[in-house]
Amino acid sequence: SLTAILPVLPHSFEGLEALLSPFLAPSDTVREVFLVCPQTILSDARRLLKKILSYNDAVGHPNISLLPYTSSSFYNSTLTSVVSRVRTEWVLVLDSFGLRDLSSGQQAYLLSPLSVSLPVGPNGFLRFPANFSRILATSDFEPAEYLIPPFVAPTYLFPRFFSRLADSDPWLAFGVHVAKTHLEKIGGLVLPSDISNLQCCAQNFHIPSLETTRIEHNQTGILSADNNSRTQKQPTSALGHLVLAVPHLEDLRAFMPVVCRLQSIGHTISVLLYQASSSDTVYCSSEGCALQCSTLSHTVPTLHSWLDSLDASPDVIFALDIQDFLSATFTMVLLHEPYRKTTFIRLPRADIPHSEWIGSLTLRELRNWNVPEITISVITDHRPHSLQRLLTSLTRARYFGERIGLRINLEQTADFETLRVVQDFEWPHGDVFVHRRVIHGGLLPAVVESWYPNSNDSYGLLFEDDIEVSPLFFAWVKMTVLRYRYGGPENISPSVFGISLYQQKMIELRPEGRRSFDARALFTADGIPNPSTPYLSQIPCSWGAVYFPEHWREFHDYLSIRLSEYSMKIQENVIPDIRSNKWVKSWKKYFIELVYLRGYVMLYPNYANFTSLSTNHLEIGSHVKDQPEEEYLRKKALFMLPLMPLMNASLPLFPGLLDLPEQKLPSLSSLPVLDLTGKLCLASKLLERGTKRRTELTGCSATISLTYDARELMCL
């Protein structure tokens, strides 16, 4: 027995009879149909339904119920709560197109499914750093991580808390739930493209493996300045066609600074206000920014038809990360030509007022929005209050629609309070992985083993537990990674190994000891035209930083070589006259060695008043020993920095993310370069120093290439 759930939306209302026809035919399986519709069309839907049933010849048709929802925000919750009412063996979850676009064989299967303990439907996906990767239908069933409607599933698969998934992506969440209960970790099966012979399928059916699944990525093209395997979308022009699709005029106004800046650069902007009236479109312009706005109408009733009416296919679509009648439509539309290469960017409504920085991105960078996969890794031991402060600041930060994985790495000596903080912690922005050592390792392995890249689009954000972050730290990360990893070739260099969140206020590596540092004062004294510019420094940051995958892998290999003493004794000083030679238990000692030999650099922010995206509370631990309070507070003041706040009228004096030269990140070649002692230096000079020292250490003068090969570097 089977229950069907069919959304009835304003654009599909007139075709209700055709949508219902497969369920009005005599059937041994379909027992009930729930029609989910907006409250605004409930009366009309009820009249139309009575009319359809009155002149329909079907005898013994299933029970048909109308369930309204009051606003678009309740659409998904109503749809998912219907599942709890189902009393049949199977549930058929449909989208607003019903069974209309499916083959006769696919329709027959969904109405009379095989006895399979998985959801089955034509639209399955795998999760990747991009929003989705659709699975190509073949001549057999293909496994998927999740399905979107239409699909049929055994009723018992839906958890009791399914209706609570409406605030997230319910179909992705359902797929994850199903996979957890399935031996093969499969969230659903994709129907074959030709399934006319159901008897054959029933006899030969087997559950395939995810490893053999054929996928169709939502991104194309490979580009890298250093010939690596990072994926990039390459627009054919610097200017593109950008679409903003939001429900209300107020949403457009909040996003105005972004779209107006993008339009001023020369991009074509099209705006769809899909829940607004046509009269609202006259208010779509502001001083110096005239936008072309549209609404849905009888002539253009759907997102698909509106996109088809545009002069050109969009390169990028911006939308809100909300669940309403149009949200599922986006995914469906972007599966079809000519929209498969369109980049889809979904932003939470609460983040829109803080998204002006998005307007500074180039078309190439926007097109690569979904490519980087950034993982946060937290290293902690027995400082529960510090850990709680860090986790709270991470939770409150803005992530602009990104799902961010969080790794919490616990030392073997973690105390009960620290373990309780981790156990009670809830992370609303993605998955959490907790790792605890069984043998005490110390800070060096704790940091080095806390993260490892799974691809060249994988990035590690490393935090020790005495760090606190700005609510805008991820915006800085996203903006800089897109510019200096996925921007034009002129802005990409294999010498850049990461991005710091922390502003340098002290230089610790000079042989004479710690010295205060002010990048703006240094640049002004040297006559650099824009002393507020970010800059490149050889010093690796351990107080909140992003590390790039190729360099982190090379560091792992380099550290293994050094600790094995295969190339030189561990006591050997790789860098002449540098304080880090004494940091024998620090991972940074060895990373600094690699940086010196390679001529690598890290990007640093340089905002006014040392305003930073992270700060260090300098608490007692591996590197900060217990000391008299007065001395401790004096040292702490040297490293504590003001965090960049969310901008509002009460904080006008704080710098914002776009307090940069020309309100955008400068080109890579224009950035000042500093060596390990904080002195200005040419990048070529850094490389020359490292090459010379390598020859002195190894006796090897062979030319080295930047292939991230530590064995080649050490002439092994």
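A cavity is a set of grid points where a 1.4 Å probe fits but cannot get out. In this predicted model, a search of the whole structure returned six cavities of 30 Å³ or more. The largest cavity holds about 70 Å³ of space. Its lining consists of I379, T380, N409, L410, E411, H435, R437, P445, A446, E449 and S450. Two or more of the lining residues come from each of strand β18 (373-380), strand β19 (405-410) and helix α13 (443-448). Sorted by class, the lining comprises four nonpolar, four polar and three charged residues.

Strand β18 also contains T375. T375 counts as buried because its relative accessibility is 14%, and the cut-off for buried is under 20%. Leaving aside residues up to four places away in sequence, T375 is in contact with G405, R407, W451, Y459, G460 and L461.

The largest nonpolar core has 229 residues, of which L252, I376, L394 and F473 touch the most other members. The greatest contribution to this core is from helix α14 (residues 473-486), which supplies 10 residues. For F473, the contacts beyond four places in sequence are I376, L394, A397, Y399, L461, F463, L501 and L613.

Helix α11 spans residues 384-396 and has 13 residues. From the first C-alpha to the last, α11 reaches 18 Å, close to the 18 Å expected at 1.5 Å a residue. An α-helix has 3.6 residues a turn, so residues three or four places apart point the same way. Within α11, the buried residues are P384, S386, L387, L390, L391, S393 and L394. These buried residues pack against β18, β19, α12 (416-424), β21 (458-464), β22 (467-469) and α14.

W587 is classed as buried because its relative accessible area is 3%, where buried requires a value under 20%. Apart from residues up to four places away in sequence, W587 touches L444, V447, V448, E464, C541, S542, Y547, W552 and F555. W587 and A446 are separated by 141 residues in sequence, and their C-alpha atoms are 9.3 Å apart in space. A446 is one of the residues lining the largest cavity.

Conventions
Residues are numbered from 1 along each chain as its sequence is written. This is a predicted model: local features need pLDDT of at least 70, side-chain atom pairs count only at pLDDT 80 or more; totals for chains, interfaces and linings use all residues. Side-chain values use heavy atoms; hydrogens and water are left out. On a 1 Å grid over the protein atoms alone, a cavity is a set of points where a 1.4 Å probe fits but cannot get out, and a pocket is an open set with protein on both sides within 12 Å along at least five of seven lines; lining residues have an atom within 4 Å of a point. Grid points are joined across faces, edges and corners, and a volume is the space filled by probe spheres set on the points. Helices (H or I, at least four residues) and strands (E, at least two) are DSSP runs, numbered from the N terminus. Ala, Val, Leu, Ile, Met, Phe, Trp, Tyr, Cys and Pro count as nonpolar, Asp, Glu, Lys and Arg as charged, and the others, Gly among them, as polar. A nonpolar core is a set of buried Ala, Val, Leu, Ile, Met, Phe, Trp, Tyr and Cys residues joined through side-chain atoms within 4.5 Å. Buried means under 20% relative accessible area, exposed over 50%, partly exposed in between (1.4 Å probe, protein chains only). Contact means heavy atoms within 4.5 Å. The expected span of a helix is 1.5 Å times one less than its number of residues.
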